[in-house]
Amino acid sequence: MPELHLNTQAVHAGYEPEKQFGSVSQPLILTTTFERENGVPREHIYTRNENPNRISLETKLAILEGGADAIAFASGQAAAFAVFQAVLEPGAHVLIPDDCYHGIRTLFAQVYQGWQINCEEVDMSVVSHVADAIRPETKLIWIETPTNPKLKIFDIQGIAKVATDKGIPVACDNTWATPFFQRPFELGVDIVMHSTTKYFGGHSDILGGAVILREKGTIAARIRAIQGTGGGVPSPFDCWLLNRSLATFPLRMPVHSSNAQALAQFLHHQAAIERVYYPGLPTHPNHEVAKTQMQGGFGGMLSIEVKGGMEKAIELAENLQIFTHATSLGGVESLIEHRRSAEGLHPRSPDNLLRVSVGIEFVGDLIRDFEQALARL
């Protein structure tokens with residue numbers, strides 16, 4: 001059979017009707033432990049180590065991203081944490097973007113403080129900046145593109161080549177782009193991380209994460225061992241629900257993207273908006289790179305800076321009627337967030353920045369919602 005399309009894989013990968021009842025819909029297996037025969041484990045032993053719903057999910061995630069192995073976690077942070085534990089060592093040097101999810105910076109600033117890891121932030125929108133920052137003790141390059149919240153775009157293939165020449169693994173947070181728009185393994189990345197809470201879940205009702213590996217090998221085995229020992233596993237129900245959500249993932253993504261493109265273009269021309277961050281706009285500094293490595297769209301996320309500072313930004317968010325002012329992203333419903341307020345003790349985002357997760361509602365309604373909200377400023 002020829003290789004199946006992403007839409008088909010999202011429905012069928014990882015599960016065939018089970019033998020006992022021939023159930024077309026995957027059953028939810030909530031048991032924590034499994035029967036042994038004559039003291040010997042059958043297929044499974046204990047749900048912390050593996051569970052049929054999790055195995056099915058991991059199989060599907062690996063296929064969708066084009067990897068050889070996938071490991072599902074209880075959250076995106078747990079997934080990132082496991083990568084760092086598997087790859088780094090005390091005294092190591094790691095490169096991260098100067099604009100990235102604040103939780104990654106927090107992990108290095110607080111959790112890994114005792115490891116004496118040197119975490120260096122780099123503007124990775126220029127590949128030579130990455131090359132210049134590498135040291136003999138550099139053990140990992142962590143990229144995120146588009147970045148959170150300023151949607152910087154990095155040349156993944158260029159960074160991966162620099163890293164490969166030095167024998168350094170590259171991990172890419174592909175949460176915002178998803179494999180629908182961006183295929184990091186095809187561009188030379190070694191590890192892909194997702195917060196499956198976001199577009200894979202798609203309905204703001206699942207917390208989860210995943211690490212996907214280009215190859216089965218030492219790093220994959222270490223990450224799985226770290227997970228099994230540390231216990232950062234998703235519940236069978238979360239795996240079952242995520243598997244169900246993935247079936248519609250390829251259908252949702254084009255709508256997220258086309259809505260975001262239209263909204264970004266509208267906001268770009270509004271007098272009250274100081275700046276729009278969206279890689280689909282020709283004004284984005286790395287628009288040409290985005291066109292090369294993001295296929296079929298530029299994703300459903302954008303950020304804006306509002307004239308008048310924090311007060312006007314929050315006022316705009318509160319004026320909106322369809323967009324909900326809430327943290328998180330990737331759901332079918334549109335959300336908006338004053339990002340600096342959500343970044344904890346050491347915020348980095350400009351105080352007038354609003355992060356927008358564009359849902360799958362009718363785009364005309366979303367634009368009209370911004371029109372009325374802007375008119376009330």
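This protein has 13 helices and 14 strands. Helices here are DSSP runs of H or I with at least four residues, strands are runs of E with at least two, and both are numbered from the N terminus.

Before going on, a word on the source. This is a predicted model, in which local features need pLDDT of at least 70 and side-chain atom pairs count only at pLDDT 80 or more, while totals for chains, interfaces and linings use all residues. Residues are numbered from 1 along each chain as its sequence is written, and side-chain values use heavy atoms, with hydrogens and water left out.

Now the overall form. For 377 residues, a compact globule would have a radius of gyration near 21 Å, and the protein agrees, because its own value is 21 Å. That radius is taken over C-alpha atoms, and the globule rule is 2.2 Å times the number of residues to the power 0.38. Along the principal axes, the C-alpha atoms fill a box of roughly 75 × 55 × 40 Å.

How much of the protein is buried? Of the 377 residues, 52% are. Buried means under 20% relative accessible area, exposed means over 50%, and partly exposed is in between, using a 1.4 Å probe and protein chains only.

Next, contacts, meaning heavy atoms within 4.5 Å. Taking contacts between residues at least 6 apart in sequence, 71% join residues at least 24 apart.

I will turn to one annotated position. The UniProt record, an unreviewed entry, places "modified residue: N6-(pyridoxal phosphate)lysine" at Lys 198. UniProt positions are given in the numbering used here, feature names are shortened, and annotations may be inferred rather than shown by experiment. Lys 198 sits in the loop between β8 (191–194) and β9 (209–213). Is Lys 198 buried or exposed? Lys 198 is buried, because its relative accessible area is 16%. Apart from neighbours within four places in sequence, Lys 198 is in contact with Thr 175, Ser 328, Leu 329 and Gly 330.

A second residue to look at is Ala 163, in helix α6 (residues 156–166). Ala 163 has a relative accessible area of 0%, so it is buried. Setting aside neighbours within four places in sequence, Ala 163 is in contact with Ile 141, Ile 168 and Val 170. The C-alpha atoms of Ala 163 and Pro 136 are separated by 12 Å, with the two residues 27 apart along the chain.

Last, helix α4 (residues 102–111). Its buried residues include His 102, Ile 104, Leu 107 and Phe 108. Among the elements covering the buried residues of α4 are α3 (76–87), β4 (93–97), β5 (118–122) and β6 (138–144).
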